[in-house]
Protein chains: 2
Amino acid sequence: MQELAKPNINTTPVDLMPDFQFALSVDCVIFGYDEGVLKVLLIESDLPAYKGQWSLLGDLLRPDEDLEEASYRVLLERTGLTDMFLEQVKTFGSVHRHPAGRVITTAYLALVNVKDYQLKKKDNALQWKPVSEVQTMAFDHRLILDTCLAVLQRKIQEEPIIFSLLEKKFSLRDLQHVFEQILGMEFDRRNFRKKLFTTGLLTDENEMEQQVRHRPGRLYSFNRKAYEQIKRKTFVGLQF
Amino acid sequence: MQELAKPNINTTPVDLMPDFQFALSVDCVIFGYDEGVLKVLLIESDLPAYKGQWSLLGDLLRPDEDLEEASYRVLLERTGLTDMFLEQVKTFGSVHRHPAGRVITTAYLALVNVKDYQLKKKDNALQWKPVSEVQTMAFDHRLILDTCLAVLQRKIQEEPIIFSLLEKKFSLRDLQHVFEQILGMEFDRRNFRKKLFTTGLLTDENEMEQQVRHRPGRLYSFNRKAYEQIKRKTFVGLQF
DNA sequence: GTTTCAATATGTATCAAGTACACAATTAGA
DNA sequence: TCTAATTGTGTACTTGATACATATTGAAAC
């Protein structure tokens, strides 16, 4: 076996001080669905290298803070929200990804209800940008955004996380439209309804849409309790 | 908005030196399939806190090295193999996960062919442990192993990565058995064969098993070229 | 108060995929 | 030549996905 250059961290006692040569950050890809469009919450960078370009919302990890805590803190500081979908996606560790020095960043995917956000926050430096209009970004943030978008596309097909983007009560049209926005395809409305009803995840709220200039649709909510029960029977099959 | 305690790393020029308070490592969960059993490659720890307990194979990230490179390096140093399935899974960043200080680790999932490994390496400190027999482990490595196992279970159903665990030519029994080992369930043999044949991913090698004490089965290989073409037509549907 | 607009609500027939299930053929070894 | 172990194969049934058209409702305009 090729000799390791220095004692191994998993098997041998090591003095770590000389290895503290990294900074860590978290970057949150915060998606929202607003006026029929999938948007992402961004901020303008003032770094000389990326002046005026859009950046994800992130911050340095603190020495006394778990990685998860840091992502949660960024979300709270930036949106005022505490109860959203939040999940780690991937860690980006290219040597030269940050101009100020070696910074490894862990990307988190967050789904929020834009209406809740608007109630709680106004910060002019931040902007909800339609995902389809985002061009170049600061750092490797474009790559991070693309990665998280791909994960979002996969996950909404496998788990009912999409409801985090909608208000508590929603119409089936809203629901179908978010799916279509994120996946970039269209569904047959009758089959979509049939499919969603047979999942048993929708609770009929016995209410109608208000203030629409057409026939109002029924409102539904996500039945989390039903989902918790159903998901135990994890399906296994081969689908590649 | 709540004020951030210090300039933000994405928007404002920062001196990073005071933030170099972390060490980074990679840990590889290396799975192999041997004698009908799913195994994982482990090493004994000599750290006082974890004396004699099993640990994953990992190493510190070097200041001039990408995260991906580091995982590849660990694999090469430990197994001598260069051509295996290797993919980032998750980063673990609890404050006290390493007794020597703040070490954040990124876990990688690797699939290797144990037969190849045996040809190239002998290192008595390392052991292939049946996954079902692994008990407590050093650090948070048990959590990391469980996380990677769950990802493996999901991914073998979505992508044809399972072939990395087998030799180039394999029987359908071997293939079915690896699936069953990893997923912890059994498949009907006729339906399994039908399903696999209709994927179009198997090449009939026109050879038979040798040295089995029963009717020998045909040998097949994974047709990577066919897969590259098929996967472009990405399927979209709702399956939660 | 009638018309127009825009969208809701609904069912059936077809096709594709998954599941359940049993028997003859082949090799090694006794 | 007999036994043990495992391969190789097909059909009927059930479930889920897809394609597709018409009547209904409420708001707004006239």
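Two residues count as in contact if their C-beta atoms, placed from the backbone, lie within 7 Å. Helices (H or I, at least four residues) and strands (E, at least two) are DSSP runs, numbered from the N terminus. The model is a predicted one, with local features needing pLDDT of at least 70 and side-chain atom pairs counting only at pLDDT 80 or more, while totals for chains, interfaces and linings use all residues. Residues are numbered from 1 along each chain as its sequence is written, and chains are lettered from A and ligands numbered from 1 in the order in which they are written.

To start with the overall picture, chain A has 6 helices and 10 strands. Its C-alpha atoms fill a box of roughly 70 × 45 × 30 Å along the principal axes. Of the 240 residues in chain A, 35% are buried, that is, have 20 or more other C-beta atoms within 10 Å of their own C-beta, where exposed stands for 12 or fewer, partly exposed for anything in between, and C-beta atoms are placed from the backbone. Looking at contacts in chain A between residues at least 6 apart in sequence, 67% join residues at least 24 apart.

Helix H3 of chain B covers residues 141-158. The buried residues of H3(B) are B:His141, B:Ile144, B:Leu145, B:Cys148, B:Leu152 and B:Ile156. They sit on the same side of H3(B), because they cover an arc of only 95 degrees around the axis (taken from the directions from the helix axis to the C-beta atoms). Exposed residues B:Ala150 and B:Glu158 are carried on the face turned away from that buried side. The cover over the buried residues of H3(B) includes strands E1 (23-34), E2 (37-44), E3 (54-55), E5 (85-92) and E6 (103-111), plus H4, of chain B.

Chain B also has an open, antiparallel sheet of 3 strands in the order E8-E10-E9, where strands pair if DSSP finds at least two bridges between them. E8 (170-171) and E9 (202-208) of chain B are at the edges with a single partner strand each, so one side of each lacks a neighbour in the sheet. E8(B) pairs with E10(B) (residues 218-222) in the antiparallel sense over 2 bridges, with B:Phe170 opposite B:Tyr220 in E10(B).

On to the DNA. A residue is near a strand if its C-beta atom, placed from the backbone, lies within 6 Å of it. DNA strand D is surrounded by 20 residues, the closest being A:Arg215, B:Arg173, B:Arg190, B:His214 and B:Gly217. H5(A) provides the largest share of that surface, 4 residues. By class, the surface near DNA strand D holds 2 nonpolar, 6 polar and 12 charged residues (nonpolar: Ala, Val, Leu, Ile, Met, Phe, Trp, Tyr, Cys and Pro; charged: Asp, Glu, Lys and Arg; polar: the others, Gly among them).

Around DNA strand C there are 21 residues, of which A:Arg173, A:Arg190, A:His214, A:Gly217 and B:Arg215 come nearest. Here H5(B) gives the most, with 4 residues, and the classes run to 2 nonpolar, 7 polar and 12 charged residues.

Definitions and conventions: The expected span of a helix is 1.5 Å times one less than its number of residues.
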